[in-house]
Amino acid sequence: MAMKRRIFVSIQNPSLLDDGRRAVQDGVIAKVEALGMQPEIFLHAGTAASLSWSLPNALEVMRRCSGAVLLGFRRWTLTDSSGEQ
């Protein structure tokens, strides 16, 4: 059996996301898996599932990966006094 390539996936905590953003995040993870790769996600999947995020842990996990996917969503929306974003 061929060894799966590991891909470091940096995501936001799903509980902080609305349904649409959670669906995007889940879709990206599903695509990584559909391509036959092993997502490495802290507290979620792969060998990183049992690890909490820390810089030493992140460096160790990333050293064993062939690539990375980084997803970032804004957390706040700011408006000015006129209500414009």
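## Questions about a predicted chain

Q: Where does Leu43 lie?
A: You will find Leu43 in the loop between β2 (38–40) and α2 (55–63). These element names come from DSSP runs, numbered from the N terminus: helices are H or I with at least four residues, strands are E with at least two. A word on the source: this is a predicted model, where local features need pLDDT of at least 70, side-chain atom pairs count only at pLDDT 80 or more, and totals for chains, interfaces and linings use all residues. Residues are numbered from 1 along each chain as its sequence is written, and side-chain values use heavy atoms, with hydrogens and water left out.

Q: Why is Leu43 called exposed?
A: Exposed means over 50% relative accessible area, buried means under 20%, and partly exposed is in between (1.4 Å probe, protein chains only). Leu43 has 64% relative accessibility, so it counts as exposed. Its backbone deserves a look too: Leu43 is not a glycine, yet its phi is positive, at about 60°.

Q: What makes Phe8 and Phe42 an aromatic pair, and of which kind?
A: Rings of Phe, Tyr and Trp (its six-membered ring) pair if their centres lie within 6.5 Å; planes under 30 degrees apart are stacked, over 60 edge-to-face, and the rest tilted. Phe8 and Phe42 are 6.1 Å apart centre to centre, with 75° between the planes, so the pair is edge-to-face. A search of the whole structure finds 1 aromatic pair.

Q: How do you know that this pair links distant parts of the chain?
A: Phe8 sits in strand β1 (residues 6–10), whereas Phe42 is in the loop between β2 and α2, and the two are 34 residues apart.

Q: Are Phe8 and Phe42 buried or exposed?
A: Phe8 has a relative accessible area of 5%, so it is buried. Phe42, at 13%, is buried as well.

Q: Why is Gln25 called buried, and what does it touch?
A: Gln25 has a relative accessible area of 1%, so it falls in the buried class. Its place is in helix α1 (residues 19–34). Contact means heavy atoms within 4.5 Å. Leaving aside neighbours within four places in sequence, Gln25 is in contact with Ile11, Gln12, Pro14, Leu17, Leu71 and Phe73.

Q: What makes Thr47 partly exposed?
A: Thr47 has 33% relative accessibility, so it is neither buried nor exposed and counts as partly exposed. Thr47 is found in the loop between β2 and α2. Not counting residues up to four places away in sequence, Thr47 touches Arg6, Glu40 and Arg64. Arg6 is 41 residues away along the chain, and the C-alpha atoms of Thr47 and Arg6 are separated by 9.5 Å.

Q: Why is Glu60 not called buried or exposed?
A: At 38% relative accessibility, Glu60 counts as partly exposed. Its place is in helix α2. From C-alpha to C-alpha, Glu60 and Ser50 are 13 Å apart in space, and they are 10 residues apart in sequence.

Q: Why is Leu16 called exposed?
A: Leu16 has a relative accessible area of 55%, so it is exposed. Leu16 belongs to the loop between β1 and α1. Arg75 is 59 residues from Leu16 in sequence, while their C-alpha atoms are 8.3 Å apart.

Q: How is the chain built along its sequence?
A: The chain follows the pattern β-α-β-α-β, which comes to 2 helices and 3 strands.

Q: Why is the chain called more spread out than a compact globule?
A: The radius of gyration is taken over C-alpha atoms, and the globule rule is 2.2 Å times the number of residues to the power 0.38. For 85 residues the rule gives 12 Å, but the chain has 16 Å, well over that, so it is more spread out than a compact globule. The C-alpha trace spans about 60 × 30 × 20 Å along its principal axes.

Q: How much of the chain is buried?
A: Of the 85 residues, 22% count as buried. Among contacts with a separation of 6 or more, 58% come from residues 24 or more positions apart.
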